[in-house]
Amino acid sequence: MKFIKWILNGLAGSIVILGAAIFMLRLAGICPYAVLSGSMEPVIPTGGIVFTDTTDRQPAEGDVITYQLSGTTVTHRVIRQEKYGYITKGDANQGEDANPVLPSQIVGTVCFSLPVLGFVVSYLQNRAVLLLILAAAVLSLLAESKPVLRAETFNRKKEKGERGKGTRGKTI
């Protein structure tokens with residue numbers, strides 16, 4: 001049981017640290033996006049997470065960008081710039097993407113990526129999963145903590161009897 005509590009507490013602590021780090025990055029204009037396809041492998045593996053600088057929306061050739069396409073977030077490399085937009089391609093894809101990316105579709109330029117964390121972020125975006133993990137961690141903390149105030153039963157008669165036997169009434 002202690003092992004499970006240790007795991008849950010570690011998981012809850014990791015979530016808090018990850019959340020704080022992502023919050024600080026967002027303040028700087030850097031947003032995380034999960035990569036759930038293999039179009040950018042091996043540079044960005046499936047399940048990775050990219051951190052996109054949303055203040056840099058004018059990429060150069062060779063930059064990896066994150067953009068919106070029909071309600072989906074896509075991360076691909078800029079191959080070239082044309083009159084109306086940017087031509088992109090996933091590193092693992094055979095050909096260029098069919099349509100140019102318009103400047104209004106660009107979310108930002110990718111600054112860095114981390115493997116595997118995309119799966120974690122993807123699952124944590126599900127509120128039910130997050131609440132379940134946090135509830136389990138709180139319950140394990142409560143189960144292990146000792147009460148601050150203890151209710152003790154005192155035998156008043158015994159206390160009085162012991163006090164009466166001491167030096168009470170005697171002259172020293």
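Me: What share of contacts in the protein chain between residues at least 6 apart in sequence joins residues at least 24 apart?
Reply: The share is 55%, where contact means heavy atoms within 4.5 Å. The model is a predicted one, in which local features need pLDDT of at least 70, side-chain atom pairs count only at pLDDT 80 or more, and totals for chains, interfaces and linings use all residues. Residues are numbered from 1 along each chain as its sequence is written, and side-chain values use heavy atoms, with hydrogens and water left out.

Me: How many helices and strands are there in the protein chain, and in what order do the elements run?
Reply: The protein chain has 4 helices and 6 strands, in the order α-β-β-β-β-β-β-α-α-α from the N terminus. Helices (H or I, at least four residues) and strands (E, at least two) are DSSP runs, numbered from the N terminus.

Me: Why is the pair of F51 and F112 called stacked?
Reply: A search of the whole structure finds 1 aromatic pair. The ring centres of F51 and F112 are 4.5 Å apart and their planes stand at 15°, so the pair is stacked. By the rule used, rings of Phe, Tyr and Trp (its six-membered ring) pair if their centres lie within 6.5 Å, and planes under 30 degrees apart count as stacked, over 60 as edge-to-face and the rest as tilted.

Me: What makes this pair a tie between separate parts of the sequence?
Reply: F51 belongs to strand β2 (residues 48–53) and F112 to strand β6 (residues 106–114), so the pair ties together parts that are 61 residues apart in sequence.

Me: Why is F51 called buried, and why are F112 and G38 called partly exposed?
Reply: Buried means under 20% relative accessible area, exposed over 50%, and partly exposed in between (1.4 Å probe, protein chains only). F51 has a relative accessible area of 5% and is therefore buried. F112, at 35%, is therefore partly exposed, and G38, at 29%, is likewise partly exposed. Of the 172 residues of the protein chain, 28% count as buried.

Me: Where is G38 placed, and which residues is G38 in contact with, leaving aside its neighbours within four places in sequence?
Reply: G38 is in the loop between β1 and β2. Leaving aside those neighbours, G38 is in contact with T46 and A92. The C-alpha atoms of G38 and A92 are separated by 7.1 Å, although the two residues are 54 residues apart along the chain.
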